[in-house]
Amino acid sequence: MEKLRIVFMGTPEFAVGILDTIIKNDYEIVGVITAADKPAGRGQKIKYSAVKDYALANNLNLLQPVNLKDEAFLSELKALNANLQIVVAFRMLPKVVWEMPTLGTFNLHASLLPNYRGAAPINWALINGETKTGVTTFFIDDKIDTGAMILSSQIAIDENENAGHLHDRLMNLGSETVIETLRMIEKGNVTTIIQKDDSHIKTAYKLNKDNCKIDWNKSGVEIHNLIRGLSPYPAAWSFFTDKTEEWNVKIYESKMITKSHDYKTGSLICTKKEIKVAVKDGFIQIFQLQFPGKKKMSTAELLNGIKFSEEANVH
């Protein structure tokens with residue numbers, strides 16, 4: 001059984017959960033690589049990645065290269081003498097990096113590959129109304145999320161589950177799958193499966209302002225899936241309009257009510273405690289939202305301070 005010397009690469013909270021599990025299972029982490037520090041927020045204060053915070057708190061050897069092909073970084077990486085690299089939610093690696101360790105470099109991806117390759121697999125599985133998803137470990141090659149698969153693990157998606165909840169469940173599942181993958185590599189009994197491409201493969205496109213905007217002409221289920229698929233971050237959004245006022249509003253929690261009605265699509269129907277939006281096959285009831293410059297709040301809290309007219313609508 002070969003003793004593993006691991007370099008771990010990752011950036012967000014999802015990666016921290018995996019790294020923590022690897023350490024708690026007594027594997028040797030000889031180095032951690034994460035994104036360079038960058039200013040964030042209104043004050044442009046320097047923000048550390050979640051992985052950097054964890055590495056500093058646990059006295060791990062930390063590298064933050066700006067350029068992964070930089071000779072100084074490559075020398076530092078080689079000097080770590082790792083025989084395996086693990087990548088979780090990092091960035092595309094140049095060949096000189098991923099082929100460096102003798103046992104290879106494997107990635108944990110939060111989908112059942114080959115579906116949902118790309119930047120936002122958790123979000124798109126929900127947006128597309130999938131009933132199951134999972135995680136996959138695979139050896140990195142020169143394309144994005146296309147390498148030979150080692151292990152995959154599957155879970156069911158709850159009907160009203162949001163991206164934050166699914167993120168946490170997949171992080172736990174991913175931790176177990178990475179440990180299982182490590183044990184296979186240690187014992188030298190890895191068998192891989194080559195990914196097959198076909199026209200039905202779904203992609204996890206990068207999220208942007210356009211694909212996060214709600215199209216109220218879609219079915220209620222599609223709208224509800226978009227809202228839960230983008231909650232709590234980056235959040236689905238829409239314009240709320242009432243007479244001469246217009247607000248850019250984020251929506252975090254909803255329910256689809258199937259019901260025939262005579263309202264125009266996009267009409268806001270409000271009571272003292274409820275907001276519903278008319279859609280072609282019913283209503284979207286909104287439970288949690290955020291107006292510009294305000295904190296995230298429940299619908300009841302919002303309606304304590306604002307009253308909409310019968311002309312109010314969304315678009």
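This is a predicted model: local features need pLDDT of at least 70, side-chain atom pairs count only at pLDDT 80 or more; totals for chains, interfaces and linings use all residues.

Me: What do the side chains of lysine 24 and aspartate 20 form?

Reply: Side chains of opposite charge can pair when their charged atoms come close. Here lysine 24 and aspartate 20 meet in a salt bridge, 2.8 Å from N to O. Lysine 24 counts as exposed because its relative accessibility is 62%, and the cut-off for exposed is over 50%.

Me: How many salt bridges does a search of the whole structure find?

Reply: The search finds 7. One of them joins aspartate 197 to arginine 117, at 2.8 Å. That pair links distant parts of the chain, 80 residues apart: aspartate 197 is in the loop between H6 and strand E11, arginine 117 in strand E8. Aspartate 197 is exposed at 58%; arginine 117 is buried at 16%.

Me: Where do glutamate 130 and lysine 202 lie?

Reply: Glutamate 130 is in the loop between helix H5 and strand E9, and lysine 202 is in the loop between H6 and E11, so the pair ties together parts 72 residues apart in sequence. Their salt bridge spans 2.7 Å, N to O. Glutamate 130 is buried at 18%, while lysine 202 is partly exposed at 34%.

Me: At what angle do the axes of H1 and H6 cross?

Reply: Roughly 40°, and the axes come within 9 Å. That makes H1 oblique to H6. The crossing of H1 past H6 is right-handed.

Technical notes
Residues are numbered from 1 along each chain as its sequence is written. Side-chain values use heavy atoms; hydrogens and water are left out. Axes are lines fitted to C-alpha atoms, for helices over the stretch in contact, and angles run from 0 to 180 degrees between N-to-C directions. Helices (H or I, at least four residues) and strands (E, at least two) are DSSP runs, numbered from the N terminus. Angles under 35 degrees count as roughly parallel, over 145 as roughly antiparallel, 65 to 115 as roughly perpendicular and the rest as oblique. A crossing is left-handed if the near helix is turned anticlockwise from the far one by less than a right angle, and right-handed if clockwise. A salt bridge is a side-chain nitrogen of Lys or Arg within 4 Å of a carboxyl oxygen of Asp or Glu. Buried means under 20% relative accessible area, exposed over 50%, partly exposed in between (1.4 Å probe, protein chains only).
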